[in-house]
Amino acid sequence: MPSMSNPTHAISINPATGEEIGAYPYDTQAVLHAVLDRAASAFGTWRLTSAADRCAMLKRLGEALRADIDRLAGMITAEMGKPIAQARGEIEKCAATCAWYAENGARMVAPEPTSVENDAAWIEFRPIGTVLAVMPWNFPIWQVIRSVVPALVAGNTYVLKHAPNVMGSAYLLREACARAGLPDGVFQVANLSNDLVSEAIADDRIAAVTLTGSVRAGAAIGAQAGQALKKCVLELGGSDPFIVLPDADLDEAVRAAVLGRFQNTGQVCAAAKRFIVHREVADAFTERFIAGAKALVVGSPTDAATYIGPMARFDLRDELHNQVQRSMREGAELLLGGRKLDGPGNFYEPTVLANVTAGMTSFREEMFGPVASIIRADDADHALALANDSQFGLTATVYAGDPQLARRLAARLEVGGVFINGYSASDPRVAFGGVKKSGFGRELSHFGVREFCNVQTVWLDRK
């Protein structure tokens, strides 16, 4: 098994072949301080740049991403194993997001008048400074774009600390920002060890922190940000429920369930992982779900026909396999998969566990890989109780023929987003984020722009 441990370098290993493809030296303390100096200097100018001009540069960023789609998508596929068709889709989504904010971002930071004393007061949305972003590997470009673009719209500067195994993607994104004409210091990449991340959070030149990652990482970063009295946004994953009621369009529910669960080789935070199916349709759903999973192409991520590629890291595959084995010992029934595939790559069979109950590992923990858990519910209320019986609260899905019942369930689901008769997605036009141990704060839409704003009230001639 390849080693990714190197005290001086971030190591990128191709998960389809096991070969090392990049070794990136960690930045020194002196380099970090130079990065923070540039960010602070750039903020002084960037904050005074008109919102229209900032948005024009973001439009050019989207164009730069689309123009370099082959290289960006190829790097994503090489570094973390995303099937190439999905990697290209990731870049297209990033470009479309830049274009949407370019068109709509300026109005999100425009002053808002109030009704106080004949409009003698209004609300301004001022930038707060430099945002430090600690980002994950599963969407190497999209995770950054959905975070950085709203921050830049608001007039903040941004320092990216990316996951060690996707630093090649981070540096390509930096190149795209330079080609788009972003001023020096507005967007920077810092390849930091954990110790230097902590130092950066405590530094006065960092105004806020955002992280997408594990609960453990979120707790650590959140505690450090709190100690420094700094705003933070945390997106910490989930174990999203997918409820299927007996009057649902079963074929459509199964199609969405299969595609949603196994997209990105199951390595998606906001993807259904616990399929809570009414007992009247549980057997039919399970049979069709297994057939759908078997039909997906597992193979080289460079093949356009592949839907399930390798998992991103060898240690993560081992962890997932251990979770599957524990679930089986606890009583889950293995209906499909459950094996590491032979060969040099980091492949895991698409796996389906049935008869899963609330005390099992596959119910309680996030299964971050190509594993689906099927849970039987007695009725709609029981399904709701099972869905909410989780430490996580990112998104949920409800498939039902009765839209009013679905909306009543949605109102009681303890999650940040609900999808009725459709599987989870993110879109710049709507807010994204979770509750409970899935984190707090929101990305995307105007909520994402204003997360890192000083919401300033201005009074005029108040008597």
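This is a predicted model: local features need pLDDT of at least 70, side-chain atom pairs count only at pLDDT 80 or more; totals for chains, interfaces and linings use all residues.
Lys436 sits in the loop between strand 16 (417-420) and strand 17 (439-440). Is Lys436 buried, exposed or partly exposed? With a relative accessible area of 37%, Lys436 is partly exposed, because that label covers values between 20% and 50%.

Now go to another loop, the one between helix 9 (250-262) and strand 11 (272-278), where you will find Asn264. Asn264 is not a glycine, yet its phi is positive, at about 55°. What is the relative accessibility of Asn264? The value is 0%, so Asn264 counts as buried.

Ser50 lies in the loop between helix 1 and helix 2, and Ser50 is partly exposed, with a relative accessible area of 34%. If you pick out Ser239 as well, you can compare two kinds of separation: Ser50 and Ser239 are 189 residues apart in sequence, and their C-alpha atoms are 41 Å apart in space.

Step along to helix 2 itself, which runs through residues 51-67 and has 17 residues. From its first C-alpha to its last, helix 2 reaches 24 Å, close to the 24 Å expected at 1.5 Å a residue. Which residues of helix 2 are buried? They are Ala51, Arg54, Cys55, Met57, Leu58, Leu61, Gly62, Ala64 and Leu65. What covers the buried residues of helix 2? The cover includes helix 1 (29-46), helix 3 (69-80), helix 4 (84-108), helix 5 (142-153) and helix 6 (167-179).

Finally, here is a pair of helices to look at together. Two packed helices are described by the angle between their axes and the distance between the axes. For helix 7 (residues 194-202) and helix 8 (residues 215-227), the axes come within 9 Å and cross at roughly 30°. This crossing of helix 7 and helix 8 is right-handed. Where they touch, Val197, Ser198 and Ile201 in helix 7 meet Ile221, Gln224 and Ala225 in helix 8. Sorted by class, the contact of helix 7 with helix 8 has four nonpolar, two polar and no charged residues.

Key. Residues are numbered from 1 along each chain as its sequence is written. Side-chain values use heavy atoms; hydrogens and water are left out. Helices (H or I, at least four residues) and strands (E, at least two) are DSSP runs, numbered from the N terminus. The expected span of a helix is 1.5 Å times one less than its number of residues. Buried means under 20% relative accessible area, exposed over 50%, partly exposed in between (1.4 Å probe, protein chains only). Contact means heavy atoms within 4.5 Å. Axes are lines fitted to C-alpha atoms, for helices over the stretch in contact, and angles run from 0 to 180 degrees between N-to-C directions. A crossing is left-handed if the near helix is turned anticlockwise from the far one by less than a right angle, and right-handed if clockwise. Ala, Val, Leu, Ile, Met, Phe, Trp, Tyr, Cys and Pro count as nonpolar, Asp, Glu, Lys and Arg as charged, and the others, Gly among them, as polar.
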